[in-house]
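Trainee: Please put the structure up. I would like to go through it by question and answer.

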Amino acid sequence: MTSLAAIAEAEVSPVAQYANHAELYRRMLTVRMLEERLLELCKDGLVGDLHFNRGQEAIAVGVCAALQPTDHIVTHHRTIAHQIARAAPLEPLIAELLGKKTGCNGGRAGEMHISNREIRHDFAFQLVGTCIPVAVGLAWALKYHHKTDEIVTVFFGDATSSNGQFHEGSTIAALKKVPLLMICENNHLAGNITPEYYLPTKTVRERMAAYGIESMGIDGNNVLHVMSWAEMAADRVRRTGRPYLLEMDTERLCLHKIGQGDVRSKEHLTELAERDPLKLSEEQLGPSFPKQKLVDTIGAALDLYIGRVLAEGPPEMNNA
Amino acid sequence: MKRDPFHRNRKIRDAMYRATIEAMRERPEIYLMGEGSHMKVHFDCPELEKEFSERVITLPITEDANTNFAVGLTLAGLVPIVDVISSDFLYRTFDAIANTAAKQATVAEPRTIVIKAEFLTGGPTTGQRIESLFAAIPGLRVGVPSNPDDAYAMMADALKHPGVTVLFEDRMISDSELDQFLYKPLQKWATQSATPPKGAVSRIPDGIIVSYGLTQHILRWHGWASLDLMWLYPLDLAVMLNNLKKRVLYCNAKEQSLLIVEPAQTFLGIGAEIAAQVAEALPGVRIKRIGAPRCVIPASRELHDQMLPTIEQVKAALKELEAAGGREGTTGRVCQTRIRQGNGALEANSRGKKPARAEK
């Protein structure tokens, strides 16, 4: 039986304190293990429409490690990794994902619209592209009204770059010169569709030249690599007050969501799994890293929280 | 009276700007934004441009992103007024209003946003009256002021309301008509309270004819008072229902009538909702609706008038209601409410002609 003290330890530590590899790995592992448990709850019909990050955890965790605690993030709908990367308290997070009244948004937002001002995760939106102009507006307000050096980081996928909101938002970001770090999680998928159906260019960053927004492409599955380049990019955005795009190459190793098939063959998925960011980190951390202890501690905490959350009720439903 | 679809009536617009300027003086977090916003305030409200040019944000022709951008501002504690201009442009940013702003207001801490659009009638994309679409969306408050006092109060209130308000400026309500109906002059607004009337419908003694916006004036011009909804959501029908209820008790349920005159299409319009609520609350009340056809605003100027209800339709509908109740000739008691204080002003319109009067 894991002690309550050990369970408390499983809570990820505040943003500024975790810029070491073990802590980065712990966050990625927490995302992975929570999503595995949520998948089982989905299969049991206890939770609705969730979107998982398996294979992409290094981006959220690495980028958020490079940000200041006062910086803001705005995300797409695949939000569990970003919440944990920003050290969201786990029990209210799980409660929100399950639509319970004890959730961080009172159970009204769910996974795809979750926000938490305490960790400066200000906005998440299901429909692709929306997050970009919203993030631009937030960045504008921080720079021109509040006159702070805080920056906004917006996370989106490669398929988003074909949506009108991406282009309208990028236009305004460039025109208004806002401090916006654009993180493209390029997983080469739009739901279940492959790039030949949605991306007319080889990369997303090619598109940014049209807006005069500088950009760079990196490997998004090496968490240390992600953190280093994100630090560089965040610093650049903070210094210049202008937008910058980092395109991160990654693979989603799970379905788009429960109930959908996967166009990729099993052989191809096995190949892709070789790029699993957790596997890469485990190799880098070496055989002496106490992975099993971490798995036990995180697992016990998650099981405790999920058990308690399941006993909670939904929020009241009122006319709005 | 004949309405010129291209005439720029100023009074309701000026009242909204007055409320905006006064709020901006007190609250540095209020910003005005939209396509060509600097140019628009340059011509429409030079005072605002002179005093708050740095708080006007001119954005590209990116309607949907502009509203999303405004939602971003609210996340940093700012209060944006998004000027969408023609109401048809609301379709372009429907997603950002319905999906982003309204949902943000319902799933997280609600934040103040005002979305402003205009009605006129000059062609297929010049102000389609689509307010009922927005009234149907959870998370939105929707208002159509029919006069400068209400426009002032509703804008002032919207800027304080923790949530999303869609406000319509009806450019078809003529300044000269407003002059006729004893509305307060502009200089008084600066000193009066910005607090709007409680509930939507406290001023009209008898809630027998219901309308809002432009149709208020079509009725007034002909000497008919109607209950002004002002806010289409929340739809406060308490006063009207009470009035009807009293009459139901006093007379006989079978003798009660409700006429709804709306400036927008009747199909799935606000009148349909009112009719349903009244029918559920007071079975037996006879109800009729008059409004626009389910039609895009025509390009032909000859057809523009057909997009608005006429007084002949109102009279015919009242006769029909009376006949259905078997009480021919009793309209005056049941359905007809004359404007007492406004009668003097009805003697002449701005063109020096005596307006048509409703028959007694």
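Trainee: How many of the 8 residues of helix H5 (residues 90-97) of chain A are buried?
Mentor: Buried means under 20% relative accessible area, exposed over 50%, and partly exposed in between (1.4 Å probe, protein chains only). A:Leu90, A:Leu93, A:Ile94, A:Ala95, A:Glu96 and A:Leu97 are the buried residues of H5(A). The helix is largely enclosed by the rest of the structure because the number of buried residues is 6 of the 8.

Trainee: Before we go on, how are residues numbered and what pLDDT do local features need?
Mentor: Residues count from 1 along each chain as its sequence is written, chains are lettered from A and ligands numbered from 1 in the order of writing, and side-chain values use heavy atoms, with hydrogens and water left out. This is a predicted model, where totals for chains, interfaces and linings use all residues, side-chain atom pairs count only at pLDDT 80 or more, and local features need pLDDT of at least 70.

Trainee: Which residue just after H5(A) takes a positive phi?
Mentor: Helices (H or I, at least four residues) and strands (E, at least two) are DSSP runs, numbered from the N terminus. Just after H5(A), a positive phi of about 70° is taken by A:Gly99.

Trainee: Is A:Glu57 buried or exposed?
Mentor: A:Glu57 is found in helix H3 (residues 57-66) of chain A. Leaving out residues up to four places away in sequence, A:Glu57 touches A:Met28, A:Val31, A:Arg32, A:Pro277 and A:Leu278 (contact means heavy atoms within 4.5 Å). With a relative accessible area of 0%, A:Glu57 is buried.

Trainee: Which residue has its backbone nitrogen 2.8 Å from a polar atom of the side chain of A:Glu57?
Mentor: A polar contact is a pair of N or O atoms within 3.5 Å; within protein, one must be able to donate a hydrogen and the other to accept it, and residues adjacent in sequence count only if both atoms are side-chain atoms. The backbone nitrogen at 2.8 Å from the A:Glu57 side chain belongs to A:Gly55.

Trainee: Why are A:Arg26 and A:Glu23 separated by about one helical turn?
Mentor: A:Arg26 forms a salt bridge with A:Glu23, the closest N and O atoms being 3.3 Å apart; the term means a side-chain nitrogen of Lys or Arg within 4 Å of a carboxyl oxygen of Asp or Glu. A:Arg26 is buried at 13%, and A:Glu23 is buried at 10%. An α-helix has 3.6 residues a turn, so residues three or four places apart point the same way. A:Arg26 and A:Glu23 are about one turn apart because their spacing in helix H2 (residues 21-43) of chain A is 3 residues.

Trainee: Which residue forms a salt bridge with B:Glu47?
Mentor: The closest N and O atoms of this pair, B:Glu47 and B:Arg18, are 2.9 Å apart. The pair links distant parts of the chain, helix H3 (residues 46-52) and helix H1 (residues 11-26) of chain B, 29 residues apart. B:Glu47 is partly exposed at 31%.

Trainee: Which element gives the most to the side of chain A that touches chain B?
Mentor: Across the interface there is 1 salt bridge, with B:Glu109 and A:Arg117 having their closest N and O atoms 3.5 Å apart. Strand E2 (121-124), helix H6 (131-145) and helix H7 (164-176) of chain A each give two or more residues to that side. The most, 8 residues, comes from H6(A).

Trainee: How many residues of chain B are in contact with chain A?
Mentor: The two chains bury about 2,500 Å² between them, 65% of it on carbon and sulfur atoms; buried area is the accessible area (1.4 Å probe) that two parts lose on being put together, summed over both. On chain A 29 residues take part, and on chain B the number is 33.

Trainee: What percentage of the 360 residues of chain B count as buried?
Mentor: Chain B has 16 helices and 11 strands. Among its contacts between residues at least 6 apart in sequence, 78% join residues at least 24 apart. Of the 360 residues, the buried share is 61%.
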